[in-house]
Amino acid sequence: MTTPLAGYLLVAALVFAIGLGGALTRRNAIIVLIGIELMLNAANLNLIAFWRYGPHPEALTGMMFAIFSIAVAAAEAAVGLGLVIAIYRQTNTTELDKIDRMKG
Amino acid sequence: MQDQAQVAAAVTGAIIGETLVLVPVVPMIASGAIALMKRDRRKTAARLAIGSLSFSFLYSLIAFVLVAMRPGLRVSTYSTWFVVGHTSVDLGWILDPLSAVMLVMVSFVGLLIFIYSVGYMAHDENFTRFFCFLSLFAGAMLGVVISNSLLLLFMCWEIVGLTSYLLIGFWYQKPSAAAAAKKAFVTTRVGDIFFFLGIVWLFSQTGTLLLYKGGGGAIEPTALALLLSQHAGLGLSAASAIALLIFAGAAGKSGQLPLHVWLPDAMEGPTPVSALIHAATMVAAGVYLVARVYPLMQIGAPAGGTTVALTVITWVGAATAVFAALIAVAQSDIKRILAYSTVSQLGYMMAGLGVGGVAVGMFHLITHAFFKALLFLGAGSVIHGCHEEQDIRRMGGLRADMPLTFITYTIGMLALCGFPIFFSGFWSKDAILEAAQHWSVAKVPFYMLVFGALLTAFYMTRQVCYVFLGYWRGHGTAHESPKIMTTPLAILAFFAMALGLIGTPAWPWFRDFLDGRTATFSWHGFAEPGLALLMLTSSLVVFLGLWLGWRLYGNKSPKPKEPDALEKSAPWLWAPLRDRLYVDELYGVTVVAFYKWWARVADWLDRRVWGGIVSLVAWVFALWARLNRLLDVNWVDGGFDKTCEELAEGGGLLASLQSGRVQNYLRILAVAVVALALVLIWSSRP
């Protein structure tokens with residue numbers, strides 16, 4: 001017996017919601033980054049599920065898309081962490097509430 | 001064989017005539033090149049100036065020889081400068097005996113004076129500027145000489161006037177030099193205005209300004225007949241009126257009576273300038289102009305009679321000759337005496353033109369150019385040797401200190417006095433006197449000219465006695481000038497004696513050359529009735545003048561403060577002569593006073609009338625400006641202020657959105673995404 005598509009979508013939606021909640025509520029910039037990572041991976045899960053259950057599961061398009069997305073996410077994580085470190089050196093904090101120099 | 005030589009000469013003459021324009025153009029180019037040089041390129045400047053003028057001299061000499069080989073040769077060239085409607089303005093140049101002889105004289109005397117200047121101006125810091133101006137002058141003067149068009153002549157004439165102004169004011173730091181330059185410029189301008197009126201009138205009548213145009217020129221028979229038939233009022237024909245206007249221009253340049261005042265003051269310039277411009281060449285340009293347009297002066301004369309224009313010229317010339325000679329008697333500045341002497345001799349030339357024709361006046365012009373250049377350069381040598389002293393009362397005894405200058409100066413002086421037989425001035429002055437004696441209108445000019453000759457001998461003797469005889473009364477010691485200055489003196493002295501030979505009654509080569517005939521030698525020239533008596537009379541007059549001068553001044557060496565010998569015996573005569581017969585004062589109370597009054601009137605008009613109008617306009621505009629300001633402050637400014645406020649408020653609102661908190665942005669993003677998703681879901685419902 002195979003798991004229906006809705007099951008994958010449900011899990012992905014849960015992961016996305018957890019990620020979003022973390023990104024919006026936590027103050028630490030690193031935790032926010034982790035939340036963003038979670039949301040990205042939820043999207044990856046959706047991509048794989050839709051591919052597997054789609055009309056052309058033999059075409060590998062969904063897997064390619066997911067791998068591409070993971071690579072982008074890795075790069076993004078590297079840039080993001082680099083930014084966090086640079087900000088920390090300037091302000092001695094990673095609390096996002098206190099980093100409001102861009103205020104208009 | 002003879003024919004072949006003649007043909008060859010004609011062909012070469014034509015070629016030279018066509019390219020004659022090089023003669024003035026080369027020195028002008030040299031002047032331009034010198035103007036661009038640095039101030040310390042003294043040697044290059046002098047070489048360039050002397051080199052270019054040497055070229056002009058050689059070219060002129062070739063032209064002269066060719067004209068001499070072909071009697072009566074006249075090569076005239078012209079081309080159209082511009083066309084207005086149906087009339088064209090032509091420029092051109094001409095090679096004929098008159099222009100050839102002037103070319104040689106101007107370039108040769110000019111060359112000698114250029115060389116002399118190298119020595120005289122050796123210590124001047126503006127040496128290059130001096131040679132720039134001199135070259136420009138030489139070019140323009142040669143341009144005057146070769147012009148075949150009155151317009152081209154007038155243009156060169158004005159450049160000559162400009163360089164005269166520049167060179168009189170060469171030491172412009174001296175206020176007197178600057179004033180003299182202005183005076184010369186303004187005074188000659190008075191004559192030039194009349195000259196220009198004459199040119200315009202001539203152009204309107206004949207439609208051309210070319211002198212010779214193969215029968216269609218302004219002074220050729222067709223045009224002259226037309227001019228003679230026109231009436232200009234006051235019983236004058238147009239020809240006479242135009243001739244008189246042109247003579248007025250010549251009088252301004254040549255220092256004739258009412259307009260002579262600038263010439264003595266022009267001696268403020270460096271001495272070579274006085275010699276070249278204000279004695280030998282430029283002031284002779286007026287005489288040359290009259291000679292050039294002589295057919296116009298002469299037209300309408302009855303057989304053996306004369307015309308209105310020539311009568312006026314004679315009277316003005318004779319009056320100038322005596323008037324200036326009288327003043328020269330009582331001057332004490334060495335150059336001023338020579339300047340008045342120049343004015344006087346120019347009067348002789350004009351009178352010679354009036355009574356005797358082109359040859360008589362031009363012969364005196366040529367001989368005078370040489371001996372007067374000699375005298376001025378000699379005076380320059382004296383001034384140089386006496387440490388820039390110009391007062392003859394502070395000189396004396398220079399015979400021993402400056403032997404070369406003394407000998408050459410004496411030759412020049414004897415030539416100017418007209419010492420018999422051996423000096424050129426004798427022959428040229430005698431020609432004038434002879435013509436004046438036979439003048440049909442009146443005998444008075446003849447007696448005036450004879451009296452002038454007496455005065456000339458007298459004042460020159462006085463000057464030589466003061467400067468060279470007696471004992472030294474100056475400061476320091478006098479010294480002879482360097483070779484570069486004395487060599488031109490010697491050359492000029494030679495010509496001051498030898499030139500007389502070309503115009504003796506026995507061999508009147510000069511007259512025949514100008515008239516286009518071949519001269520023949522015959523002793524019978526002296527056998528003309530009355531000639532021997534005249535020559536005897538004029539010789540006696542010269543001796544009388546020399547003797548009178550010697551009686552009063554010879555070897556006496558009065559002290560600088562001591563009154564002059566003539567002052568002691570005739571103070572009533574001395575004072576007006578010393579004060580130059582009050583001509584300057586006369587101008588002061590008439591012309592200058594009138595201009596001052598007119599200036600005051602103009603000033604009053606400016607202040608009261610025009611100033612009032614200007615103030616009124618200004619007041620109206622000020623009122624208008626106030627109104628504008630009111631509008632601005634109350635309406636326009638208010639509008640702008642309101643706009644700015646609104647913009648600032650709006651900006652504040654937008655700025656408050658930029659909280660700088662990343663999570664706020666994220667929140668908005670999340671809400672937006674949810675809202676977008678809801679809209680999509682809701683809108684895709686069936």
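**Exercise 1. Determine how helix 14 and helix 15 of chain B pack against each other.**

Solution. Step 1: locate the elements. In this predicted model, where local features need pLDDT of at least 70, side-chain atom pairs count only at pLDDT 80 or more, and totals for chains, interfaces and linings use all residues, helix 14 of chain B covers residues 308-329 and helix 15 of chain B covers residues 334-356. Residues are numbered from 1 along each chain as its sequence is written, while chains are lettered from A and ligands numbered from 1 in the order in which they are written. Helices (H or I, at least four residues) and strands (E, at least two) are DSSP runs, numbered from the N terminus.

Step 2: take the geometry. The axes of the two helices lie 7 Å apart, at an angle of about 160°. Axes are lines fitted to C-alpha atoms, for helices over the stretch in contact, and angles run from 0 to 180 degrees between N-to-C directions.

Step 3: classify. Helix 14 of chain B and helix 15 of chain B are therefore roughly antiparallel (angles under 35 degrees count as roughly parallel, over 145 as roughly antiparallel, 65 to 115 as roughly perpendicular and the rest as oblique). Helix 14 of chain B passes helix 15 of chain B in a left-handed crossing; a crossing is left-handed if the near helix is turned anticlockwise from the far one by less than a right angle, and right-handed if clockwise.

Step 4: sort the contact residues of this pair. There are 18 nonpolar, seven polar and no charged. Ala, Val, Leu, Ile, Met, Phe, Trp, Tyr, Cys and Pro count as nonpolar, Asp, Glu, Lys and Arg as charged, and the others, Gly among them, as polar.

**Exercise 2. Describe the packing of helix 9 of chain B on helix 14 of chain B.**

Solution. Step 1: the axis of helix 9 (residues 238-253) of chain B comes within 9 Å of that of helix 14 of chain B, and the two cross at roughly 25°. That makes helix 9 of chain B roughly parallel to helix 14 of chain B.

Step 2: the crossing of helix 9 and helix 14 of chain B is right-handed.

Step 3: on the helix 9 side, S240(B), A243(B), L244(B), F247(B) and A251(B) take part; they meet V308(B), A309(B), V312(B), I313(B) and V316(B) of helix 14 of chain B. Two residues are in contact if their C-beta atoms, placed from the backbone, lie within 7 Å. By class, this contact has nine nonpolar residues, one polar and no charged.

**Exercise 3. Decide whether L36(B) is buried or exposed.**

Solution. Step 1: L36(B) sits in the loop between helix 2 (22-35) and helix 3 (42-69) of chain B.

Step 2: L36(B) has 8 C-beta neighbours inside 10 Å and so counts as exposed. A residue is buried if 20 or more other C-beta atoms lie within 10 Å of its own, exposed if 12 or fewer, and partly exposed in between, with C-beta atoms placed from the backbone.

**Exercise 4. Characterise chain A and its contact with chain B.**

Solution. Step 1: chain A has three helices and zero strands.

Step 2: of its 104 residues, 12% are buried. The C-alpha trace of chain A spans about 55 × 25 × 25 Å along its principal axes.

Step 3: ten residues of chain A are in contact with eleven residues of chain B. The chain A side of this contact has five nonpolar, one polar and four charged residues.
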